[in-house]
Amino acid sequence: MDDTGKLFIGGSRKPDDSLNKAEYLELKFGNRHGLITGATGTGKTVTLQILAEAFSKAGVPVFAADIKGDLSGIAAKGEPKDFLLKRAEQIGLADYQFEQFPVIFWDLFGEKGHRVRTTIAEMGPLLLSRLMDASEPQEGVINIAFKIADKAGLPLLDLKDFASLLNYMAENSGELSSQFGLISKTSVASIQRALLVLEQQGAEHFFGEPALKITDIMRTSNNGYGQISVLAADKLMMNPRLYATFLLWLLSELFEELPEVGDPDKPKLVFFFDEAHLLFNDAPKVLTERVEQVVRLIRSKGVGVYFVTQNPLDVPETVLAQLGNRVQHALRAYTPREQKAVRTAADTFRPNPAFDCAEAITNLGTGEALVSTLEGKGAPSMVERTLIRPPSGRIGALTDQERQAVIDRSPVLGLYDEDLDRESAFEILAARAKQAADAAAAKKAQDELQTAPPGGSGETGGWTLPGFGTGDDEGGGRGRAQPRRSGYQRETVVEAAMKSVARTVATQVGRALVRGILGSLKR
C-alpha cells in the first residue's frame, strides 16, 4: 500500500509489452466487493494472496478459505527466488520485500486449526434446509421445528438437540399439526435420515459450543496489521454443500452483527469466498435472492466480499452486478459454454481501445490478468492487461510443524479447542419424557380422586404444547397434571408478583428470538 490509500496490484503493459503504469485498488473502495476468475493454474490463488497481504498491511482483517493448502504459506516469510525478483523488476516494484503475516488458522474438524462451530439455532431454518437438501415439505417441517423450539424455550445447539426435537414432533404430530399445520411423520423421518447423513459427513463437528465470535476474525496484530484468518478447507471440500453453507452462515452473521458504517476509509473486514460456484449450484431461488440481498447491503457494514471462481458464469448476474473490482485471469475457449464465458467476462469490463478484451482473455499467461477497479467517484477503471505483483509471503504450503507453531502462538489459543455441552433441547426433552413416564406410573397407582379431571370451561385459552403444560401452570409448566382446587382461591401478593415477573420475562425472551435475513438467530 502506498501513502495515498491504494493497494498495489501489479503493472499494466502496452501493446508492445513495455510497462504502462501501476495498477491499484483504492482502499476506500475495498468494501465494494470483487471477483477473481480464471482457469485452473492461471494464478488465482496468488492474486488472492497478494490482495490478502495488501489488506493486512493496511490494517484490514481478512478471512479466506484455503482449498488446496497453498494459502497457508502467507504465514511464513517469502524466499527470494529468481522468477519473483524478475516479476518485481518487470513491474517496477523497486522496494520489493519479503515478510510473514499474522495468521489465525481455523478448521471445522480441529485438525489444522482452531475449531469453528455454530449452533443449530444460529444457523437458522433456511440454511439448515439448504445444508440438508430438503424438499419443500421438509423445509416446512424444519421451519415449524424452529418455531416450536423458540416458543418452548428449547435451545438448539447441536445435532442431537435437533434430532430430539424431531422425535418429539413425530410423537405429538397430531396435536402439533392442529396448531402449526401438517407435520407429516414421513417428512420428519426423511429429515432424520438426512441428519444421519450429515453426521456421517462430519457436520457434528460444526454444530455446538463455544460458537465462533465474529470479533475473533476481526482482530489486528500488535504491529497494526490485520489478522488473516485462514480456513483449512481441503477436507471440508469433500462435502461441498457444508463448505458453502458454512461460509454463507459466516457472511450472514457478519451482516446481522456489524453496525452500519456507511462508506469508511477502509473496510472493517475483507471476506474471500473461494470456489464460489458451490454457493449457487442447485440453490433454490429464495436463497440466491437472499445472498444477493446480503451482498448488496453488507457493503454499508464495511465488509468487502470477493468471490473466487473459475468461470464468471458461476455467479448469478444479480450478484455479479454488485462486484466492482475485477481480476480476470486466462480462460480457455474450447467449448460453446467456455466461449460464452469469455464473451461474458469481456462484456463486464470497461473497454480499452488498445486491445480486444475477449481475445486477450484467451491469451493471458500465468500470473497475468485483466484488471479493472473502482476509481474516482466509484466508476470502474478502463480494463488493463496486467502482470500481477509477486507476494511477500511464501508461495506454497507450510509444513505441519510450521503450522502448529503458528497455532501455538495464536491470539485465540484455548478459546475454541474444548467442547461445551450445556443443558439444551436434548436434556430438557429427555427430562420431560422421564417426568411424563413417572407421572403415568404414579397415576396408575393412584385412585381417581387424585387424578386431574379433563379440562373444562374454567381453563385458560393460552398457547400450549403437548407435555409442556400452559404458561400459568404451577410448577413451572412442567406438563404434569395438577389436582383441581375446588372453589375460588385468591392469589396472595407474592403469587401475583411471581406470575407478573414470569410473564414479563417470557415476553422479553420471545421478543429476543428474532431471526435475520437468512433465518439465523440474532444474538
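What is the volume of the second largest pocket? The second largest pocket has a volume of about 630 Å³, and 32 residues line it, with Thr42, Gly43, Lys44, Thr45 and Val46 the closest to its centre. The model is predicted. Its protein chain has 523 residues, of which 51% are buried, and a secondary structure of 16 helices and 14 strands.

**Second largest pocket**

- Two or more lining residues come from each of helix H1 (44-57), helix H2 (82-90) and strand S9 (303-309).
- H1 is the main contributor to the lining of the second largest pocket, giving six residues.
- Sorted by class, the lining of the second largest pocket holds 14 polar, ten nonpolar and eight charged residues.

**Whole chain**

- Of the contacts in the protein chain with a separation of 6 or more, 76% join residues 24 or more positions apart.

**Confidence**

- The mean pLDDT of the protein chain is 85, and 87% of the residues reach at least 70.
- Strand S5 (residues 103-107) has the highest mean pLDDT among the elements of the protein chain, at 97.
- Helix H16 (residues 493-512) has the lowest mean pLDDT among these elements, at 43.
- Over residues 471-512 the pLDDT remains under 50, and the model has 28 contacts beyond four places in sequence for this stretch.

**Loop between S8 and H9**

- Both Glu275 and Ala276 lie in the loop between strand S8 (269-274) and helix H9 (277-280).
- Glu275 has a positive phi, near 50°, and is a residue other than glycine.
- Glu275 counts as partly exposed because its relative accessible area is 21%, and the partly exposed class starts where the buried class, under 20%, ends.
- Ala276 has a relative accessible area of 0% and is therefore buried.
- Beyond its neighbours within four places in sequence, Ala276 is in contact with Phe307, Val308 and Thr309.
- Ala276 and Pro312 are 36 residues apart along the chain, and their C-alpha atoms are 10.0 Å apart.

**Loop between H7 and S7**

- Ala203 and Pro210 are both placed in the loop between helix H7 (185-200) and strand S7 (228-232).
- Ala203 has 0% relative accessibility and so counts as buried.
- Contacts of Ala203, apart from neighbours within four places in sequence, are with Leu159, Leu198 and Leu242.
- The C-alpha atoms of Ala203 and Arg117 lie 9.8 Å apart, for a sequence separation of 86 residues.
- The peptide bond that runs from Glu209 to Pro210 is cis, and its omega is near 0°.

**Backbone geometry**

- Most peptide bonds are trans, and a negative phi is found in most residues other than glycine.
- The cis bond from Glu209 to Pro210 and the positive phi of Glu275 are to be read against that background.
- Asp17, which is not a glycine, also has a positive phi, of about 70°.
- Asp17 is located in the loop between strand S1 (6-13) and strand S2 (19-26).

Terms used. Residues are numbered from 1 along each chain as its sequence is written. This is a predicted model: local features need pLDDT of at least 70, side-chain atom pairs count only at pLDDT 80 or more; totals for chains, interfaces and linings use all residues. Side-chain values use heavy atoms; hydrogens and water are left out. Helices (H or I, at least four residues) and strands (E, at least two) are DSSP runs, numbered from the N terminus. Buried means under 20% relative accessible area, exposed over 50%, partly exposed in between (1.4 Å probe, protein chains only). Contact means heavy atoms within 4.5 Å. pLDDT is the predictor's confidence in each residue, from 0 to 100. On a 1 Å grid over the protein atoms alone, a cavity is a set of points where a 1.4 Å probe fits but cannot get out, and a pocket is an open set with protein on both sides within 12 Å along at least five of seven lines; lining residues have an atom within 4 Å of a point. Grid points are joined across faces, edges and corners, and a volume is the space filled by probe spheres set on the points. Ala, Val, Leu, Ile, Met, Phe, Trp, Tyr, Cys and Pro count as nonpolar, Asp, Glu, Lys and Arg as charged, and the others, Gly among them, as polar.
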